[in-house]
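Trainee: I would like to learn how to read the features of a protein model, one at a time. Could you take me through them slowly?

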Amino acid sequence: MKEIIIRRNEAGQRLDKLLKKYLSEAPSGFLYKMLRKKNIVLNGKKATGNEKLTEGDLVCLYLADETICKFSARSDSVYGGMPMEVIYEDEDLLLLNKPSGMLSQKAEKKDTSVVEYVISYMLEKKEITEEDLLLFKPAVCNRLDRNTSGIIIAGKSMPGLQTMGQLLKERTLGKYYLCAVKGQIRKERRIQGFLWKDKEQNVVKITKEGEGAPIETEYLPLAWNDSVTLLKVHLITGKSHQIRAHLASIGNPLVGDYKYGDPVFNEFYKKQFQITSQLLHAYQITFPTLRGECKAVSGKTFTAKTPEKFWRMIRGTAWEHGIQEALEVQH
């Protein structure tokens, strides 16, 4: 027999949803049969599976240990990939400075991503157990491209994930990036368009109207010369490859972007500063005023240290304007 006491991470979902997580290898028919036969009960009473769980509820599984083990998928998460700087942490959230080259989430089973790092980090700190992972898994709230560095938010709890999901949906979370782009940009500007993604080719296209999702990107030049500009970008909407493709569509592709950029321009920066991927860094996040869950970050701003390669390019470029502002960027 196995007892599951419902805690804040499991509360609010239906009983059958929880059972499908805990016994993820079991057929649905088996679970509902066990409910009908009272081999699985809720608070000592027969249940159908559609009951909404609340904190403190008790689910009892009158099943053999062998059966439970057979139908449970245990986590095999281990530390992997590159180490990450912890920017902020509380019981609900973990803000990390993701290095360029690391996936936000797995693309293939063999991959190690930020998600696996977070799970392993919490296991090592004994904030979660292998048993807990059968019912709830921490996850990232925002995604960054593999070769984009900077702040990534992970939800350590269900309230953390839900709160961040709502903020991202409502676009009340301020997301600011640093990037270096081809060309001279002197004025702040807000650009709009539509983004369409070719999932098979993993590439996006920007159109002015019609096909695709509407996007908005705002940018402010921090420093420039005749050939390159350092921008602070406010990502208003958050679509895949948005900053890279949107800026490329107006003639200002990112330095080092081999998918949307200028090959000849990129080659210069590869030789000069060993830049082999886009210079794009999610360097700042500002939280709105929050009440209730996650209020510890209410109204706060967090900044991620600029990667060394990006910093070398900023420091080593002969800026004609804005050099002081460029050098005062967080590093």
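Mentor: We will go through sheets, cores, aromatic rings, cysteines and a few loop residues in turn.

Mentor: This is a predicted model, in which local features need pLDDT of at least 70 and side-chain atom pairs count only at pLDDT 80 or more, while totals for chains, interfaces and linings use all residues. Residues are numbered from 1 along each chain as its sequence is written, and side-chain values use heavy atoms, with hydrogens and water left out.

Trainee: What is the strand order of the open sheet of four strands?

Mentor: In general, strands of a sheet pair through backbone hydrogen bonds, either parallel or antiparallel. Helices (H or I, at least four residues) and strands (E, at least two) are DSSP runs, numbered from the N terminus, and two strands pair if DSSP finds at least two bridges between them. Here the order is β1-β4-β2-β3, with antiparallel pairing, and the edge strands, which each pair on one side only, are β1 (2–5) and β3 (45–46). Strand β2 (residues 40–42) is joined to strand β4 (residues 58–61) by three bridges in the antiparallel sense, and Ile 40 has Leu 61 in β4 as its bridge partner.

Trainee: How many bridges join strand β5 to β6?

Mentor: Four bridges join β5 (residues 85–89) to β6, and the two strands run antiparallel. A hairpin leads from β5 to β6 through three residues, and Glu 85 stands opposite Asn 97 in β6.

Trainee: Which residues touch the most other members of the largest nonpolar core?

Mentor: A nonpolar core is a set of buried Ala, Val, Leu, Ile, Met, Phe, Trp, Tyr and Cys residues joined through side-chain atoms within 4.5 Å. Buried means under 20% relative accessible area, exposed means over 50%, and partly exposed lies in between (1.4 Å probe, protein chains only). The largest core has 32 residues, and those that touch the most other members are Val 114, Tyr 177, Cys 179, Leu 231, Val 233, Ile 243 and Leu 247. Two or more residues come from each of β6 (93–98), α4 (114–124), β8 (149–155), β9 (174–182), β13 (228–235), α6 (242–249) and β14 (280–286), and α4 gives the most, with eight residues. Apart from this core lies another, of 22 residues, among them Leu 15, Ala 26, Leu 35 and Ile 68.

Trainee: What is Leu 247 in contact with, leaving aside its neighbours within four places in sequence?

Mentor: Contact means heavy atoms within 4.5 Å, and with those neighbours left aside, the contacts of Leu 247 include Cys 179, Val 181, Tyr 219, Leu 231 and Val 233.

Trainee: How many aromatic pairs are there?

Mentor: A pair of aromatic rings is described by the distance of the centres and the angle of the planes. Rings of Phe, Tyr and Trp (its six-membered ring) pair if their centres lie within 6.5 Å, and planes under 30 degrees apart count as stacked, over 60 as edge-to-face and the rest as tilted. By this rule there are six aromatic pairs. One of them is the tilted pair of Phe 30 and Phe 71, at 5.0 Å centre to centre and 50° between the planes. Phe 30 lies in helix α2 (residues 28–36) and Phe 71 in helix α3 (residues 65–71), so the pair ties together parts that are 41 residues apart in sequence. Tyr 269 and Phe 273 form a stacked pair, 6.0 Å centre to centre with 20° between the planes. Both lie in helix α7 (residues 263–273), four residues apart, about one turn of the helix, and both are buried.

Trainee: How many disulfides does the structure hold?

Mentor: A disulfide is a covalent bond between the sulfur atoms of two cysteines, and the rule applied here asks for a pair of cysteine sulfur atoms within 2.5 Å. The structure holds zero disulfides. The sulfur of Cys 60 is 20 Å from the closest cysteine sulfur, in Cys 69, which is too far for a bond. For Cys 294, the nearest cysteine sulfur is that of Cys 141, 8.4 Å away.

Trainee: Is Arg 171 buried, partly exposed or exposed?

Mentor: Arg 171 counts as partly exposed because its relative accessible area is 49%. Arg 171 lies in the loop between α5 (158–170) and β9, and its phi is near 60°, a positive value in a residue other than glycine.
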